[in-house]
Amino acid sequence: MPTVEIDGQVYTYDDDRHDKLLQFCLDHDIELPHFCYHPSMSIPANCRQCLVQVGTPERDRATGELVTDEEGNPNIQFMPGMQTSCTIGLQDGMVVKTHRTSDAVREAQKDTLEFLLINHPLDCPICDQAGHCPLQIQAYKYGPEGSRFEFRKVHKPKRVKLGPRVTLDAERCINCTRCTRFTDEISESGQLTINNRGVRNYPITAPGEDFDEAYSMNTIDLCPVGALTASDFRFKARIWEMSSSPSIVTTNATGANCEYWVRDNKVLRITPRQNMEVNEYWLPDEDRLVYDRFNDDRPEGPQVRSNGQLVNANWTQAYAKAAALLGPVDGDRIQFVGSAYATVEDNYLLTQLAEHLGADTPVYMPHIEPGAGDDWLITDDKTPNAQGCERLGIREADMQMLRTRIQNGEIDVLYVLEDDPVASELCALADLEDVDVILHYYNTTNETLPAVDVALPAAMVVETVGTYVNQDGRAQRVRPAKAIQGVNRTLMMEMGTSREDEHGTPFDRWHNESHRINCKPSWEILPQIADRVGLDLDYAKGPQAIMNEVQSALDAFEGATYDAMGLQGVALEDAEAGEPA
Amino acid sequence: MSHFDIERPIVKLPEQQPEQQIPDEELVWTDEEQERIEERKAKYPDPKSAIMDLLWMAQEKYDYLPPEAIRLCADTLDMDYARAYGVATFYTQYYKEEKGKFVLDVCTCFSCQMMGGYDILHYLEEKLGIHKGETTDDGLFTVEEVECLGCCGSAPMMQVTNGPYVHNLTKDKVDALLDDLKDGNMPPFVSVTLPQDEDEMGGNRRSDVEATETYQTPPRSEAVK
């Protein structure tokens with residue numbers, strides 16, 4: 001194996017990978033400061049921050065033999081100037097000195113940073129990027145202590161609306177060109193360019209054009225300074241006031257990995273999380289702008305219908321009412337509707353309940369928008385878990401037939417898990433007059449609510465624990481990002497502990513009682529109702545135990561334990577859906 | 001030493017919703033131009049590389065490059081409008097707005113700055129009563145501050161309307177140049193030779209013209225204090 005020596009330590013490397021030195025160092029936890037380099041894009045080497053000294057063993061020009069000194073060590077010839085490690089390919093016998101071992105490198109990196117900061121406004125106290133800003137962090141670590149630049153800085157446009165979702169502050173830009181390379185090479189919209197030259201340049205759209213592509217907000221994450229900021233999130237919260245929880249987005253069937261950023265139990269923004277098997281580094285704009293539905297129009301506890309009116313109830317009353325509706329009815333007059341929005345665990349419990357009551361296997365309502373997808377991260381299917389339902393044996397509903405059955409009065413109880421039959425055009429409100437409807441729902445905007453007899457507020461993806469299966473059959477976990485009312489041990493234990501002070505638990509100094517929704521995850525609601533109709537669905541360890549049972553009982557979920565899924569998910573084998581192992 | 005402060009440091013945001021300057025019916029290439037475009041495109045492995053040629057053609061055609069002219073060039077080559085716009089704004093030689101009849105590009109890059117480039121620029125600004133980037137009311141002169149034009153040996157220098165260079169500027173020379181230009185006389189092309197081959201080819205290093213004035217190693221500029 002060829003070797004390379006970095007700061008006196010020898011590493012072997014795989015020649016076939018054609019790794020660049022910077023990427024190799026990053027892969028081996030050797031930090032090198034850098035701004036413009038991004039592993040998924042071309043390498044312009046224009047920030048000049050990743051400078052190192054590079055030497056190679058001297059070879060005799062005539063014979064090609066290694067030249068050695070008296071002690072037999074190869075004679076290392078260092079290149080006369082500093083090299084940008086992002087563009088240097090690895091070479092056998094190469095010797096690299098980083099800032100850890102070379103004063104010259106340290107000086108060079110410091111000088112580069114001084115240059116980058118010459119026209120940078122240093123408005124960190126009001127900058128959204130502060131706290132997770134590569135320029136700020138690296139200026140602290142590698143930069144000079146002050147500036148020697150005594151002249152007026154070059155002033156450039158600020159608060160420029162590049163497009164509907166991205167705002168530019170050109171003064172903060174260090175011209176790394178990550179954003180323009182993203183639009184050129186990754187999203188291929190070609191909407192951004194670097195305007196002007198020298199100290200006057202900054203990224204902008206062509207005149208009269210909007211930066212409105214479906215992936216525009218990725219440039220905000222790529223930007224190593226605060227030049228590109230999210231128009232919706234600008235000045236809303238400081239990074240250190242929020243917790244971030246690794247999870248997935250549920251706006252479509254891609255199951256892109258993300259972080260939910262929460263302050264005071266409100267989701268304030270959604271950013272991508274790297275998963276090379278799913279979304280790589282990216283997240284479409286439509287996935288990021290859906291956080292309002294986690295915060296707004298949320299229900300305030302369960303309700304039951306009494307004398308024709310929906311009235312507030314406590315959870316015990318709601319469970320009892322649901323059980324009372326289900327208990328006396330003949331199984332084939334109950335229709336269970338699963339949900340492609342709900343987790344595998346919740347749907348699995350629903351199938352158990354349906355089986356116990358002698359009802360048909362639940363069906364789920366499809367939410368397909370033909371033509372909405374783009375063959376990348378946006379899909380026609382607007383639900384996160386259709387594949388999970390299919391693998392449980394829950395089939396897509398024949399909407400026409402189901403509608404006819406409801407209209408003909410063949411159904412007495414309609415049990416809907418986390419969906420909206422009226423908005424989905426399964427049936428009209430009038431059709432449900434003689435049907436008892438039990439509904440798990442997310443938002444008070446749910447159009448079926450006026451016809452509902454038991455309304456059970458369900459925890460959304462940011463409040464629950466569970467598993468989703470994306471369109472490619474990848475099972476991925478979600479974790480609670482914010483707290484709901486009531487104490488649920490499982491949820492508490494799954495709350496993010498990425499911070500040392502265990503964010504989200506009552507022991508956390510950021511813990512906050514405000515904006516906690518009175519709802520429960522369906523895997524807590526369903527066993528309570530099942531218990532009252534004579535079915536024991538007691539899973540002591542909550543969804544983890546449910547998923548354990550699912551993966552051992554069903555071929556289609558084999559191997560999808562919580563430990564195996566971890567943060568990156570598990571690719572499930574193609575198996576006959578719903579077949580027992 | 002030259003005054004180093006940046007006089008008007010605001011970098012302007014280009015008009016984001018510009019009004020169209022050239023009517024649609026004029027935004028087409030003639031057959032002759034089409035032919036030239038095909039020729040230029042054939043010169044490069046990637047035809048998009050011909051964007052600089054096209055922008056130049058458009059500038060000759062319309063006198064300057066409003067956004068719709070840049071878009072025409074981009075569309076002709078089937079490339080991103082934004083990218084063509086980036087190219088056009090990079091070079092000061094492409095005029096993105098209407099300029100005066102004579103554009104005086106004064107170099108203030110390192111060598112010219114050392115030799116008094118800013119003095120020349122400010123002298124011009126005062127004399128014409130305009131700031132850099134502006135055009136005189138009579139539409140005759142535009143003063144621009146530009147980066148290195150590759151003629152450090154005869155600094156300070158300027159270029160007149162993307163044409164001939166005027167070397168070794170002094171205030172007197174500027175006065176004379178302005179008078180000449182007002183009379184409609186462009187300065188002559190001056191061939192810059194290296195001292196060692198000033199005698200060769202009669203000092204004329206251009207093969208496409210019979211003779212040019214030849215640059216002589218100058219006396220020290222008055223602008224140097």
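The expected span of a helix is 1.5 Å times one less than its number of residues. Keep that in mind for helix α8 of chain A in this predicted model: α8(A) covers residues 315-326, twelve residues in total, and spans 17 Å between its first and last C-alpha, close to the 16 Å expected.

Now look at which side chains of α8(A) are tucked away. The buried residues are A:Trp315, A:Ala318, A:Tyr319, A:Ala322, A:Ala323, A:Leu325 and A:Leu326. Viewed down the axis of α8(A), these buried residues fall within an arc of 160°, so they line one face of the helix. The general rule behind such patterns is that an α-helix has 3.6 residues a turn, so residues three or four places apart point the same way.

On to chain B, which has seven helices and six strands. Of its 225 residues, 45% are buried. Take contacts in chain B between residues at least 6 apart in sequence: 59% of them join residues at least 24 apart.

Four strands of chain B form an open sheet with mixed pairing, in the order β2-β1-β3-β4.

| Edge strand | Residues |
|---|---|
| β2(B) | 141-146 |
| β4(B) | 165-166 |

Helix α7 of chain B (residues 171-182) packs on this sheet, touching β1, β2, β3 and β4 of chain B, and its direction makes about 5° with that of β3(B). Strands β3(B) and β4(B) run antiparallel and are joined by two bridges; B:Gln159 stands opposite B:Tyr165 in β4(B).

Note on methods
Residues are numbered from 1 along each chain as its sequence is written. Chains are lettered from A and ligands numbered from 1 in the order in which they are written. This is a predicted model: local features need pLDDT of at least 70, side-chain atom pairs count only at pLDDT 80 or more; totals for chains, interfaces and linings use all residues. Side-chain values use heavy atoms; hydrogens and water are left out. Two strands pair if DSSP finds at least two bridges between them. Contact means heavy atoms within 4.5 Å. Axes are lines fitted to C-alpha atoms, for helices over the stretch in contact, and angles run from 0 to 180 degrees between N-to-C directions. Buried means under 20% relative accessible area, exposed over 50%, partly exposed in between (1.4 Å probe, protein chains only). The arc is that of the directions from the helix axis to the C-beta atoms.
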